[in-house]
Amino acid sequence: MSPQISPSILSADFARLAEEAEAVRGADWLHVDVMDNHFVPNLTLGLPVVEALRKATDIPLDCHLMIEDPDRWAPQYAEAGAGSVTFHVEAAAAPVRLARELRSLGARASMALKPATPIEPYEDLLPELDMVLLMTVEPGFGGQAFLDLVLPKIRRTRQLIDRHGLGLWLQIDGGVSAETIERCADAGADVFVAGSAVYGAEDPAEAVRGLRELAARATDASPWVHQH
């Protein structure tokens, strides 16, 4: 699969979200960070904004729920029109049931892990998912520096996906920029959330294209692609 870029509206101007969505035309997804001030120490936006965005843009919405009790709330984001809904495995009571419910509502089901959460205990869940999101910063705030210590986990996750012959996407979120995206693509990531690297650029749409090209070049040269 060619690399996909999902600009994070956490770095956009919240007063102009429709225009900010238009500014990244050509992006594969629009990443929507939902924070509840419980699971993470920050409060952002929720269902009404997702419903409004769905009407304002044709770019599919990639909702990342950094919230407690995703078993209760995540299905409502699928019903609101999100194309992909990510719940944190640290917060989910019944992740398999939740993933199946999201899929039944027509959304892609995705599981997120904090930097210190290992992937190995969740290997058996992988066939139930469409995507795994590995956080490359601590969830809760935008603009943090990329954590290189997650790179080995990206490689191990890619190996597990390949070992099971799954078509899962492997997304990373946090500190993604022109300086870090190639390392992540080389390690096995193929969906990249970028906030300030896109919305802090003079031309956000051009920034999306540039990041995608860097990721594609690193992917083409990466060992995990050549093993297939």
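Analyst: Let's begin with burial: Cys63 counts as buried because its relative accessibility is 0% (buried is under 20% relative accessible area, exposed over 50%, partly exposed in between, with a 1.4 Å probe and protein chains only). Cys184 is likewise buried, at 0%. This is a predicted model, where local features need pLDDT of at least 70 and side-chain atom pairs count only at pLDDT 80 or more, while totals for chains, interfaces and linings use all residues. Residues are numbered from 1 along each chain as its sequence is written, and side-chain values use heavy atoms, leaving out hydrogens and water.

User: Which residues of helix α3 are buried?

Analyst: Helices are DSSP runs of H or I with at least four residues, and strands are runs of E with at least two, numbered from the N terminus. In α3 (residues 70–79), the buried ones are Pro70, Asp71, Ala74, Pro75, Tyr77 and Ala78. They line one face of the helix, because down its axis they fall within an arc of 155 degrees (taken from the directions from the helix axis to the C-beta atoms). On the other side of α3, Arg72 and Glu79 are exposed.

User: What do the buried residues of α3 pack against?

Analyst: Their partners are β2, α2 (47–56), β3 (61–66), β4 (84–88) and α4 (95–104), where contact means heavy atoms within 4.5 Å. After α3 comes Gly81, with a positive phi near 110 degrees.
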